[in-house]
Amino acid sequence: MLSNENISRKRKIIFALFIAFIILSLLTVRIGIIQFIQGDELKAMAYKQQSLDRKINPKRGTIYDRNAEKIF
């Protein structure tokens, strides 16, 4: 026969597995929502964010040739 301690330990393990299953199920549902429902919207937002046309003026120092004379 199983003692009360073994039954209690078994219940704790089953409960922990149940909680892990619930969490993994919720994460799977969330990934599905992001991928299939919000995917096109998020893709458009990412493209817009990463393809902005901006003019960036570089700040350059003085350029010297190998004889230490200024070129520009």
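A salt bridge is counted here when a side-chain nitrogen of Lys or Arg lies within 4 Å of a carboxyl oxygen of Asp or Glu. By that rule, this predicted model has one salt bridge.

Let's start with the overall picture. The protein chain has two helices and zero strands. Its radius of gyration is 31 Å, well over the 11 Å that the globule rule gives for 72 residues, so the chain is more spread out than a compact globule. Along its principal axes, the C-alpha trace spans about 95 × 35 × 15 Å. Of the 72 residues, 3% count as buried. The chain exposes about 7800 Å², and carbon and sulfur atoms supply 61% of that area.

Now for the salt bridge itself. Side chains of opposite charge can pair when their charged atoms come close. Here the partners are R9 and E5, whose side chains meet at 3.5 Å, N to O. Both belong to helix α1 (residues 4–37), and being four residues apart there, they are separated by about one helical turn. The table shows how open each partner is.

| Residue | Relative accessible area | Class |
|---|---|---|
| R9 | 48% | partly exposed |
| E5 | 55% | exposed |

Helix α2 covers residues 39–50, which makes 12 residues. From its first C-alpha to its last, α2 reaches 16 Å, close to the 16 Å expected at 1.5 Å a residue. Of its 12 residues, the number buried is one, so α2 lies largely in the open.

Finally, a look at charge: the protein chain carries 13 positive and 6 negative charges, and their mean positions are 9 Å apart.

Definitions and conventions: Residues are numbered from 1 along each chain as its sequence is written. This is a predicted model: local features need pLDDT of at least 70, side-chain atom pairs count only at pLDDT 80 or more; totals for chains, interfaces and linings use all residues. Side-chain values use heavy atoms; hydrogens and water are left out. The expected span of a helix is 1.5 Å times one less than its number of residues. Buried means under 20% relative accessible area, exposed over 50%, partly exposed in between (1.4 Å probe, protein chains only). The radius of gyration is taken over C-alpha atoms; the globule rule is 2.2 Å times the number of residues to the power 0.38. Accessible areas come from the Shrake-Rupley method with a 1.4 Å probe; for residues, only the protein chains shown count as cover. Lys and Arg count as positive and Asp and Glu as negative; His and the chain ends are not counted. The place of a charge is taken as NZ of Lys, CZ of Arg, CG of Asp or CD of Glu.
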